[in-house]
Amino acid sequence: MNSWAPKSGKVILHVDMNSFFASVEIANDTTLKGKPVVVAGNEKERRGIIVTASYEARAFGIRATMPLWEARKKCPEMIVKTPNHELYRKVSRQIFEKLGSISPKVEVASIDEGYIDITDCEELGHPIQIAESIQKMLLQELDLPCSIGIAPNKFLAKTASDMKKPLGITVLRKRDVPFILWPKNVGEMNGVGLKTEEKLHSIGIFTIEDLAKSNEEKIHELLGINGISLRNKANGIDEREVDPSRMLSYKTIGHSTTFSTDIIEEPTIAEKFESLSNRVGDKLKKKGLIADTLTITLRFRDRKTINRSKKLISPIQEGSEIFKEAMDLWKKHWNGEPLRLIGVTMSQLNPVDEVSKQLDLFSFEKDAKQEPLFETLHKLQSKYGEQVIGLGKQKKKKIDRNNILDILKSTE
């Protein structure tokens with residue numbers, strides 16, 4: 001093993017871009033440098049919420065999920081940019097191409113974060129030197145800041161990258177786990193969502209240390225195999241490899257059907273499209289994938305076959321959403337001729353299991369629909385304090401039910 005690496009094990013980096021969408025906008029327009037920039041929905045329609053904010057904007061107390069009207073009060077000079085999906089995807093590809101020049105073992109976790117196994121990169125220097133060179137490369141060549149976690153496994157590397165932002169480099173060793181991670185609430189642990197946190201609370205597990213020292217059989221009974229994985233991670237154990245092929249395992253997922261006779265009846269065709277879309281959606285869920293490109297196949301009576309594709313605004317997985325998009329494509333491209341075969345295929349696949357639930361490219365449109373809820377929460381927090389209530393969490397502090405009803409009515 002290399003002299004600077006652990007005596008046994010690996011050296012893995014987790015690269016996490018800082019305020020990615022806002023940073024891309026600033027890099028694309030250097031006149032925005034040093035200014036409070038946010039990426040959000042349509043401000044004119046008063047329906048936008050903050051997707052991400054530059055660190056200059058955060059200095060005013062602006063944060064993701066905040067309604068634009070509230071952010072304007074905090075920072076009237078705030079600059080709002082509409083999400084530019086194609087630009088973000090393009091820059092993301094550039095980032096991972098550059099990371100691939102450091103090591104061939106690069107795994108894309110989401111549009112703005114990924115893992116690099118540098119165990120065999122001794123010639124590039126000490127791990128901290130390699131991390132510094134990555135930060136410098138992305139700043140100089142793409143004008144984008146990132147934070148990097150250095151650890152012996154993927155879980156600890158991701159945890160480390162969250163510890164110092166922006167432009168942080170943090171080393172987290174397994175021996176540090178009892179001192180750094182164990183005192184934290186179990187809900188702060190990567191991989192523990194709200195429902196899992198509630199289940200853990202139900203058996204008296206409130207800190208990461210509680211989880212690390214929990215009864216293995218009891219955890220398995222409560223959460224299944226995922227519970228054992230979480231318990232191992234709480235002890236700093238994560239055997240997952242950095243897998244460059246992860247994003248390439250499934251290039252497409254699709255299904256088609258051939259009619260016994262030529263079909264022209266729209267209700268029958270629509271019914272088959274719905275069935276195919278649900279089958280594709282079920283397979284995406286089973287494989288833990290989301291996709292952002294839809295293709296339909298139409299074969300006519302004369303056996304002529306055409307494929308028509310659509311790049312979606314954001315990736316989808318649900319059969320109902322796939323069906324809606326497939327119907328839109330079909331109506332645009334069907335000339336009324338009898339059909340013998342139809343098909344639905346999803347491509348540009350990404351794993352969903354490691355994509356944290358944040359307001360990013362994959363989720364902000366859906367979250368924007370919850371803006372009335374955010375506004376209500378804001379009013380409750382303003383009156384009773386930020387700890388009184390939050391999305392999906394119950395707090396101990398009690399408030400008068402009538403006052404809540406008054407606030408709810410005021411947002412109708």
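A: Helices (H or I, at least four residues) and strands (E, at least two) are DSSP runs, numbered from the N terminus. This is a predicted model, where local features need pLDDT of at least 70, side-chain atom pairs count only at pLDDT 80 or more, and totals for chains, interfaces and linings use all residues. Residues are numbered from 1 along each chain as its sequence is written, and side-chain values use heavy atoms, with hydrogens and water left out.

Q: OK, which strands does helix H5 lie across?
A: Helix H5 (residues 127-142) lies across strand E1 (12-17), strand E6 (113-117), E7 and E8. Its direction is about 160 degrees to E7. Axes are lines fitted to C-alpha atoms, for helices over the stretch in contact, and angles run from 0 to 180 degrees between N-to-C directions.

Q: And H6, which strands does that one lie across?
A: Helix H6 (residues 154-161) lies across E1, E5, E6, E7 and E8, at about 145 degrees to E7.

Q: What's the strand order in that sheet?
A: E5-E6-E1-E7-E8, an open sheet of five strands with mixed pairing. Strand E5 (106-110) and strand E8 (169-171) are the edges, each pairing on one side only. Two strands pair if DSSP finds at least two bridges between them.

Q: How do E7 and E8 pair?
A: Strand E7 (residues 146-151) runs in the parallel sense with E8, over three bridges. Ile150 stands opposite Val171 in E8.

Q: Switching topic: how many aromatic pairs are there?
A: Four. One of them is Phe20 with Phe21, tilted, at 5.7 Å centre to centre and 50 degrees between the planes. Rings of Phe, Tyr and Trp (its six-membered ring) pair if their centres lie within 6.5 Å; planes under 30 degrees apart count as stacked, over 60 as edge-to-face and the rest as tilted. Phe20, Phe21 and Tyr88 form one aromatic cluster.

Q: Is Phe20 buried or exposed?
A: Buried, because its relative accessibility is 3%. Phe21 is buried too, at 4%. Buried means under 20% relative accessible area, exposed over 50%, partly exposed in between (1.4 Å probe, protein chains only).

Q: Last one: what covers the buried residues of H13?
A: The cover includes helix H12 (266-287), strand E10 (289-300), strand E11 (305-316) and strand E12 (339-351). Among the buried residues of H13 are Ile322, Phe323, Met327 and Trp330.

How values were computed. Contact = heavy atoms within 4.5 Å.
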